[in-house]
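Opening the notebook on this one.

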Amino acid sequence: MNKPALPLAENTDKPAAKTTAKPAHTPMMEQYLRIKAQHPDMLLFYRMGDFYELFHEDAVRAARLLDITLTQRGASNGHPIKMAGVPFHSAEPYLARLVKLGESVAICEQIGDPATSKGPVERKVVRIVTPGTLTDSALLDEKRDSLLVAMHEHQGKVGLAWMNMASGQFFVSETDTHNLDAELERLQPSEILLAENVLPAPQYKAALKTLPVWHFDLETARRSLCQQFSTLDLAGFGCDNFTLGLEAAGALLGYAKLTQGQAIAHVRSMRVYAAENYVRMDAATRRNLEITQTLRGEPAPTLLSLLDTCASNMGSRLLNHWLHHPLRDRSTLRARLDAVENLSGSYREAHEIIKQCVDIERISARIALRSARPRDLSGLRDTLGQMPLLHAQLKENSSQLVAGLAAAVLPDPSLTSLLHRTLRTEPGAVLRDGGVIADGYDAELDELRGIQTNCGDFLLALETRERARSGISTLKVEYNRVHGFYIEVTHAQAANVPDDYRRRQTLKNAERYITPELKSFEDKALSANERALAREKFLYEQLLDQLAPHIAPLQRIAAAIAELDVLATFAERALTLNFSAPTFSDEAVINIRSGRHPVVEAQVEQFIANDTSLNDKRQMLLITGPNMGGKSTYMRQVALITLLAHCGSFVPADEAVLGEIDQIFTRIGSSDDLASGRSTFMVEMTEAANILHNASGKSLVLVDEIGRGTSTFDGLALAYAIARHLLEVNRSYTLFATHYFELTRLNEQFAQLANVHLTAIEHQHSIVFLHSVNEGAASQSYGLQVAALAGVPNQVIKNARKQLRALEQQSAMQNPQGDLFNEIEEKNTELPEHPALEALRNAQPDELSPKAALEKIYQLKKLLS
């Protein structure tokens, strides 16, 4: 499509008199600059005909980000106008790219009539597209929620509010500032709202938007929230005593309304997020367990990628949410486990029906925002038609949860009937092209369509009459969108046309004409088409009004479908991956028989299952063994089994009995944080400090090779002190992997510590990992053998082996590392005396001859060496 020339002034004015004053902006550019000044921090898509244009710095930026052409046309205020543009009918891919880059875009549409405008056509910003306020399916990730988060901090506390614009979910909470990183890792927001000069920008990959402080006013927030929910106060939401949380929620609600340019009717309530209802995980734990993203930032292989065989996008998003929000309420968990067990024989049938469902959750939001497209509604109609089948399939299920969800999917018959009566079976893709409203629904529309439908018959009859009247057998009566209706005659027959023919267009080989009769029909037919499109638009808007009262029931149906989808997926995964149902105990215990790491198991041919036993008399497992022996995998599998059980899923083990768990902590792997100026060791110690301060007797703690980021003595001392603190103070369920073999003696002081090790076999200077966990400490670390496996040159390995023997001999003689377990301060014992000192003390100088004295000196020197 060719872009039209830029109409810098959309009406031609009389030429201005010559003057030496600086040229002024054109009227159109004045309008653009006025609108742009209201949105200075975002790109402005300015509608001109069939294009969205960008000017000046916006054009330069968009050309760079979107790889589109940057041009210069005309001038305004004496300067050339830089510009770039995208077709309005295919703008969505460009918007999606900009949003993915964290950009916000203001969409400015023509709202005036060019035919009646005396100056520039009236325009205004009708909506703002930002990373956290997306609702259009073309801009959203189908399997991931896009969250808008607002935060407000004061004196060590932070108020958080977050909204899923595409579903209408709205939450609020208050927490300590030190929990902020963990909360952001849990939420994974697309956009974060901050008050100016109040809270430092968090180190998180999300678009940041700063708002004036007055947006976070408490009384304004209360009024706007009560108005949104049509309530007198907020006591019914359980947050009436909040301050920071409500301030964040008020700012978020105002921003959301601003971006949509209208009320957000699908946001009907606000829920308080209570952290104590969930098994808490800090930011490091969520990353280390690779729940939804690998440590390299990739979407697979992860726990989510393994489990997500959901039949719907709604189910995939809910599964993602469940994995990041493991529950502590055992009645809910037992209900889910019972549902999974009872769906084992019928999940295939349920999935086949759910697979045909559209995304009701997001379509409901678009209905509320009046942006739903015709095929959204036809898909909704067809999906609601499938719900009686899903209900019939599951209503007799023995699980009360499944039976209840099956009942919840049944729609209001009047809603289904309305959609069937109003929409065509296959409506047009976009409303502006028509073909959306069903025949027989509206008499006026049927009449206008009849004129168009009979058009073909009229043209054939006219063609027959004109051929007979003119005697031209090759005469044709046709139509195109550019020139309308016409009669086409070849140049050879042009002399034979009747006198009432008026030339409309000349071609290379033919002439095109119009007659009074054909012109009259054209006016009537084209007018009918325009009026039919206008009538369809009116009826479609009317349909959206009629659907508005059904938004809340549609949201409940969407939630029920999503939950059934996830439960059916859990049933399928349990059978496919050989998972078993976990058991919850009131005792302080974690007993796992033949546990497996589900993600690693899927990547290897054979996985070695291992047992785990932790209780109040066996609180810590001190794990030793070679690198690559499987220590980290073993620890992570215990955490993942615990996590899956608290999501209501079966687990990768033959048997799992779990006591109460309140938190999961991990200190695994090594990485620096250059953006915050923190070294690898500093990151390690920060994570360790968080565990020591917050872990309880009901927490599961994984610690892998703590202390390796500093000197041997410092690292060993820290590892010893941290392990001891976990045993004496935190008393958590702890898996503690280490290469400091000196720590294995801790079980001499603490009976609740057990040594276990990963086995390996050495064969001809190589090593075979057995990956099985056995009681007792490892005999050696096999570091040189692992280095050889990694491809370190043989000469380097030989030199290392030689140096290792020398170091071991020196250590045996001098024992420079001391004994951390010999508590010198408490027992007041003395260090053993060096043999040379004892020999010197026993010597009798007066009794030695010169020769004997010389021999004694040689002996002392030998002792010292």
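This is a predicted model: local features need pLDDT of at least 70, side-chain atom pairs count only at pLDDT 80 or more; totals for chains, interfaces and linings use all residues.

**Entry 1: two crossing helices**

I looked at α10 and α14 and found them roughly perpendicular to each other, because that label covers 65 to 115 degrees (under 35 is roughly parallel, over 145 roughly antiparallel, the rest oblique). The axes of helix α10 (residues 330-342) and helix α14 (residues 400-408) cross at roughly 80° and come within 7 Å. Here axes are lines fitted to C-alpha atoms, for helices over the stretch in contact, with angles from 0 to 180 degrees between N-to-C directions.

From α10, the contact (heavy atoms within 4.5 Å) takes in Ala 335, Arg 336, Asp 338 and Ala 339, and from α14 Gln 400, Leu 401 and Val 402. I sorted the residues of this contact into 4 nonpolar, 1 polar and 2 charged. For that sorting, Ala, Val, Leu, Ile, Met, Phe, Trp, Tyr, Cys and Pro count as nonpolar, Asp, Glu, Lys and Arg as charged, and the others, Gly among them, as polar.

**Entry 2: ground rules**

Residues are numbered from 1 along each chain as its sequence is written, and side-chain values use heavy atoms, with hydrogens and water left out.

Helices (H or I, at least four residues) and strands (E, at least two) are DSSP runs, numbered from the N terminus. Two strands pair if DSSP finds at least two bridges between them.

**Entry 3: around β4**

I followed strand β4 (residues 79-87) to its partners. It runs antiparallel to strand β2 (residues 51-55), with 5 bridges joining the two. Phe 51 has Pro 87 of β4 as its bridge partner.

Strand β3 (residues 71-76) also pairs with β4 in the antiparallel sense, over 5 bridges.

**Entry 4: the mixed sheet**

Next I traced an open sheet of 6 strands, ordered β11-β10-β7-β8-β9-β12, with mixed pairing. At its edges stand β11 (207-211) and β12 (271-272), each with a single partner strand, so one side of each has no neighbour in the sheet.

Inside the sheet, strand β7 (residues 148-154) runs parallel to strand β10 (residues 191-195), and 4 bridges join them. I noted Met 151 opposite Leu 194 in β10. Helix α6 (residues 244-260) lies across β7, β8 (157-164), β9 (169-176), β10 and β11, and runs at about 35° to β8.

**Entry 5: the antiparallel sheet**

Which order do the strands of the 4-strand open sheet take? I read β14-β15-β17-β16, with antiparallel pairing. The edge strands, each pairing on one side only, are β14 (476-480) and β16 (502-506). From one strand to the next, the twist averages 40°.

Between strand β15 (residues 484-490) and strand β17 (residues 510-514) I found 4 bridges in the antiparallel sense. Thr 490 stands opposite Ala 510 in β17.

Helix α17 (residues 455-470) packs on this sheet, touching β14 and β15, with its direction at about 145° to that of β14. Helix α18 (residues 516-547) lies across β14, β15, β16 and β17 and runs at about 145° to β15.

**Entry 6: rings**

How many aromatic pairs does the structure hold? I got 14, taking rings of Phe, Tyr and Trp (its six-membered ring) with centres within 6.5 Å, where planes under 30 degrees apart are stacked, over 60 edge-to-face and the rest tilted.

Tyr 46 and Phe 55 form an edge-to-face pair, because their ring planes are at 65°, with the centres 5.9 Å apart. Tyr 46 is buried at a relative accessible area of 0%, and Phe 55 also counts as buried at 0% (buried is under 20% relative accessible area, exposed over 50%, partly exposed in between; 1.4 Å probe, protein chains only). Phe 55 has its place in strand β2.

Tyr 479 and Phe 485 make a tilted pair, with centres 4.8 Å apart and planes at 45°. Tyr 479 is partly exposed at 41%, whereas Phe 485 is buried at 3%.

Last item: ring pairs link Trp 162, Phe 171, Tyr 273 and Tyr 278 into a cluster.
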